[in-house]
Amino acid sequence: MSRPTLIFAAGAWYPHTIFDPIIKELADYNCHSVIFPSIQEASSVVDLQPDIEAVRSITQQEADAGHDIVIIAHSWAGLPVSSALYGLSRSERKSAGRNGGVVKLIFIAAFLPSIGEGLIGAFGGMPPPWYVRDEENGTVTASDALVLFLHDVADGAEWVKLFKPHSWATQNAPATGAAYMNIPSAYLLTEEDRATPLPVQQVLVERARRRGAQIETEKIKTGHTPWLAMPDQVVSYIKKHAME
């Protein structure tokens, strides 16, 4: 059985290199990391479409090469990933006489949007108190990224230096798809998360399940960035779901 391509999509503010430490441990897989315009060009991005295209482009490329694909979506990235995959699941492509496609979604402390729903809108329209908005530049940052996202990561202080402002618009932009409704999914629940608390993650999963989504869950005793806090466990988790 050939191994699927792994596509990693990190959450808001994170550098696209944040998965590199575990990608090194997944050397037997073809791995890609999505580079989101809303982070790299935050001030100029005014909607979710550039991020959707970033996910779709690399996924389309791998699918057209005939590869099965597993996408690992973290935190905010659940929004563009869920919106980007219309027609790209393996089952949809097979029906169209094509090989390759997305066989699994792995969510890590991730947002699972309904169609038409933005991240902030899903939580009553009020951003978390730790959001620091720069209205002049159209961006938002986190008040203390180290405490919120990396409190249990040994070299978290070094990683946080690479974090960047994120486009405010893409925190509010509505999802245009809900790929987890038709692609088998797994969700890694982070028990000590200070940014997206465990009960919030559980509500998102249960809401999706009530709509008919098939989502397996597993817990890990870490904060918001488990692959840096407990890399061996996360690598094993990814391999388990990638080889099903």
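The largest nonpolar core of this predicted model has 82 residues, and L6, F8, L85, L105 and F149 are the members that touch the most others in it.

Now turn to the charged side chains. Side chains of opposite charge can pair when their charged atoms come close, and the model holds 8 salt bridges. In one of them, K104 meets E216 with N and O 3.0 Å apart. K104 belongs to strand β4 (residues 101-108) and E216 to strand β9 (residues 215-220), so this pair ties together parts that lie 112 residues apart in sequence. K104 counts as buried because its relative accessibility is 4%, while E216, at 39%, is partly exposed.

Another salt bridge joins K221 to E192, with 3.8 Å between the closest N and O atoms. Here both partners sit in loops: K221 between β9 and α11, E192 between β8 and α10, so the bridge links parts 29 residues apart in sequence. E192 is partly exposed at 34% relative accessibility.

For a pair within one helix, visit α10, where E206 and R209 are 3 residues apart, or about one helical turn. Their side chains form a salt bridge at 2.6 Å, N to O. E206 is partly exposed at 37%, and R209 is partly exposed at 30%.

Technical notes: Residues numbered from 1 in each chain as written. Predicted model: local features only at pLDDT ≥ 70, side-chain atom pairs only at ≥ 80, totals over all residues. Heavy atoms only, no water. Core = buried A, V, L, I, M, F, W, Y, C linked by side-chain atoms within 4.5 Å. Buried < 20%, exposed > 50% of the residue type's maximum accessible area, 1.4 Å probe, protein only. Salt bridge = Lys/Arg side-chain N within 4 Å of Asp/Glu carboxyl O. Helix = DSSP H or I, 4+ residues; strand = E, 2+ residues; numbered from the N terminus.
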